[in-house]
Amino acid sequence: LSSPSGLTHESHKKDVEQVYLRCSEGSIEWMYPMGALIVNLRPNTSPASYKHLTVCIKPFKNSAGANIYLEKTGELKLLVRDGDRSPSKVYCFGYDQGGLFIEATPQQDISRKITGFQYELMTKGIASDLHTVSAPCRPCSDTEVLLAVCTSDFVIRGSIQDVTNKAEEQESIIHVGVNKLYRQKSKVFQLTRESGNWRGQIKTLLECGVKPGDGDFLFTGRMHFGEARLGCAPRFKDFQRMYKEAKDKGLNPCEIGPD
């Protein structure tokens, strides 16, 4: 977490401050924004790998007081306009497309303003999984499912208990009852004291039209800004079939107990 403050530069309202971020994910808060802030993302990886990276930012709900631009060789491209209220909206761009230039907007009062956002650096392949522009609700092929089992941040067998649709955010929250936990990167799925069962939530696009239904599914996906995002989710009996067929041919990319 980086928290610069514009008040330290109050006498120089046109100052440009530089911030260097070394982590692959985190957040930045600019309190009382004044002048401009250049955010330099310098991950602890080889510069040769930079071209394979995607940067995603998610503004805080009440972020205000500045415009956020994508800057490259002096050219500015508006990314997030001050006052935009798009809940949960994520803005992504290639690392080689430029850096972040945050410019404070003129304020009529001295009320407390904070410009802030979460950021994540990821490989372009993972980013495209999360933000598939074409056919985001398309069912996965057998090959895609088997690969997802090996590479996803979470893999569980479970059922859909309920679905909450958030029209404003254009998202659906899938309430999942977990029957078997194969893997999870973060503790999204936890044992609840009330029921004694494992439970968790997975988010997906509203347009995919997910509805509660009978039967078990194999849920896979990735963690994105602290939330579980749905990837491939075949019916469990279909996963068992495709896993057995691949294993019989020696083509399964990794071992997992499908039972």
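In the protein, mean pLDDT (the predictor's confidence in each residue, from 0 to 100) is lowest in helix α1 (residues 124–130), at 60. Confidence is highest in strand β10 (residues 154–166), at a mean of 94. Helices (H or I, at least four residues) and strands (E, at least two) are DSSP runs, numbered from the N terminus. The protein averages a pLDDT of 84, and 88% of the residues score at least 70. Where pLDDT is low, the predicted coordinates should not be read in detail. Local features need pLDDT of at least 70 and side-chain atom pairs count only at pLDDT 80 or more, while totals for chains, interfaces and linings use all residues. Residues are numbered from 1 along each chain as its sequence is written, and side-chain values use heavy atoms, with hydrogens and water left out.

The secondary structure comprises three helices and 15 strands. Of the 259 residues, 39% count as buried. Here buried means under 20% relative accessible area, exposed means over 50%, and partly exposed lies in between (1.4 Å probe, protein chains only). The accessible surface of the protein comes to about 14600 Å². Carbon and sulfur atoms hold 49% of that surface. Accessible areas come from the Shrake-Rupley method with a 1.4 Å probe; for residues, only the protein chains shown count as cover. Contacts (heavy atoms within 4.5 Å) were also examined. Among those with a separation of 6 or more, 67% involve residues 24 or more positions apart.

The interior comes next. In soluble globular proteins, nonpolar side chains tend to be buried together. A nonpolar core is a set of buried Ala, Val, Leu, Ile, Met, Phe, Trp, Tyr and Cys residues joined through side-chain atoms within 4.5 Å. The largest such core has 25 residues. Ile 57, Leu 100, Ile 102 and Phe 117 touch the most other members. Leaving aside neighbours within four places in sequence, Ile 57 is in contact with residues including Ile 68, Leu 79, Leu 100, Phe 117 and Phe 225. Tyr 91 is another contact of Ile 57.

Tyr 91 is found in strand β7 (residues 91–94). Tyr 91 counts as buried, at 12% relative accessibility. Not counting residues up to four places away in sequence, Tyr 91 touches Val 55, Cys 56, Ile 57, Pro 59, Leu 79, Val 80 and Asp 84. Tyr 91 and Cys 56 are 35 residues apart in sequence, yet their C-alpha atoms are 5.4 Å apart in space.

Charged pairs were then searched for. Side chains of opposite charge can pair when their charged atoms come close. A salt bridge is a side-chain nitrogen of Lys or Arg within 4 Å of a carboxyl oxygen of Asp or Glu. The whole structure holds 12 salt bridges. One of them joins Arg 222 and Asp 153, at 4.0 Å from N to O. Arg 222 lies in strand β14 (residues 217–224) and Asp 153 in the loop between α2 (142–151) and β10, so the pair ties together parts 69 residues apart in sequence. Arg 222 is buried, at 13% relative accessibility. Asp 153 is buried too, at 12%.

A salt bridge also joins Lys 203 and Glu 227, with the closest N and O atoms 3.0 Å apart. This pair links distant parts of the chain. Lys 203 is in strand β13 (residues 198–205) and Glu 227 is in strand β15 (residues 227–230), 24 residues apart. Lys 203 is buried, with a relative accessible area of 14%. Glu 227 is partly exposed, at 22%. Both belong to a network of salt bridges that links Lys 58, Glu 171, Lys 203, Glu 227 and Arg 229.

Lys 244 and Asp 248 form a salt bridge, their closest N and O atoms being 2.9 Å apart. The two are four residues apart in helix α3 (residues 236–248), so about one helical turn separates them. Lys 244 is exposed, at 52% relative accessibility. Asp 248 is exposed as well, at 58%.

Thr 73 has a positive phi of about 45 degrees although it is not a glycine. Thr 73 sits in the loop between β5 (66–72) and β6 (75–80), and is exposed, at 73% relative accessible area. Phe 225 also has a positive phi, near 50 degrees, and is not a glycine. Phe 225 sits in the loop between β14 and β15, but is buried, at 8%.
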